[in-house]
Amino acid sequence: MRSKMAEVEESSKPLFAGLSDISISEDIPVEGDISMPVGSQNADNDFSTLDEPVKDTILRDLRAVGQKFVHVMYPKKSSALLRDWDLWGPLLLCVTLALMLQGGSVDSEEDGRPQFAEVFVIIWFGSVIITLNSKLLGGTISFFQSLCVLGYCILPLTVAMIVCRIVLLGGSGLVSFVVRLIVVTASFSWSTFASTAFLADSQPPNRKALVVYPVFLFYFVIGWMILTFSPSH
């Protein structure tokens, strides 16, 4: 009877009850390093811009915008424009183009501002419609990535608008119209080619034409506004 009670008492003891009495001698080397590296505590702070000076932030953003301009002028299959998307460049191009298109001969002194608003709305509303069309057709890029690509690809047309304004300083005859037609056509083709180069891989193969057609119309409307612009006298 006593032996059975002793067995019950031994079985009721915790499994690792005797481990608390075991001590490791200091002479026994314990391998492994469990100390935290000094630099690991600030690993996340390297990517933080909260403590960054405003000047450095502005310069960094300007460099990023400039790099995207280069991607548009030399279009190739690259994910840089899609990965690091922003809307600063499209906003700058849209405002610049709207300001240069303002004050044409079709405007009066009273409705100069609606002309600016008209260009601004056409560009952004058209970009939104094309983006929604791309998403509905099964596009894999995000909404803002598509806006970024379409906005940055206005750069050739903005350059064409600057060239046309310079050409119009010499007059608005037949030669001036031919030069402006060539410049606008080349810029329109470049904008369409650049945008489709970035957006083509994100669309289903059998629906690429349905995505390219609205892009073609979008840049065609902007190019037509540039070509038909004539300064007011």
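Helices here are DSSP runs of H or I with at least four residues, and strands are E runs of at least two, numbered from the N terminus. Before you click around: this is a predicted model, where local features need pLDDT of at least 70, side-chain atom pairs count only at pLDDT 80 or more, and totals for chains, interfaces and linings use all residues. Numbering runs from 1 along each chain as its sequence is written, and side-chain values use heavy atoms, with hydrogens and water left out.

**Stop 1: the cavity**

Select Pro90, Cys94, Ile123, Trp124, Ser127, Leu147, Gly151 and Ile154, which line the largest cavity. A cavity is a set of points, on a 1 Å grid over the protein atoms alone, where a 1.4 Å probe fits but cannot get out; lining residues have an atom within 4 Å of a point. Its volume is about 40 Å³, counted as the space filled by probe spheres set on points that are joined across faces, edges and corners. The structure holds one cavity of 30 Å³ or more.

Now colour by helix: H4 (88–101), H5 (112–136) and H6 (143–152) each give at least two lining residues, and H5 has the largest share, with three.

**Stop 2: helix H6**

Stay on H6 and show Gln145, Ser146, Leu147, Cys148, Val149, Leu150, Gly151 and Tyr152, its buried residues. Buried means under 20% relative accessible area, exposed over 50%, and partly exposed in between (1.4 Å probe, protein chains only). Eight of the ten residues of H6 are buried, so this helix is largely enclosed by the rest of the structure.

From Cys148, hop to Leu91: the two are 57 residues apart in sequence and 9.6 Å apart in space, C-alpha to C-alpha. Leu91 sits in H4 and, at 32% relative accessibility, counts as partly exposed.

**Stop 3: the salt bridge**

Next, pick Asp86 and Lys68, whose side chains form a salt bridge at 3.1 Å, N to O. Asp86 lies in the loop between H3 (80–83) and H4, and Lys68 in H2 (residues 54–73), so the pair ties together parts 18 residues apart in sequence. The count comes to one salt bridge, taking a side-chain nitrogen of Lys or Arg within 4 Å of a carboxyl oxygen of Asp or Glu. Both Asp86 and Lys68 are buried.

**Last stop: helix H9**

Finish with Trp224, found in H9 (residues 208–227).

Technical notes. 1 Å grid on protein atoms, 1.4 Å probe; cavity = no way out; pocket = protein on both sides within 12 Å on 5 of 7 lines; lining within 4 Å.
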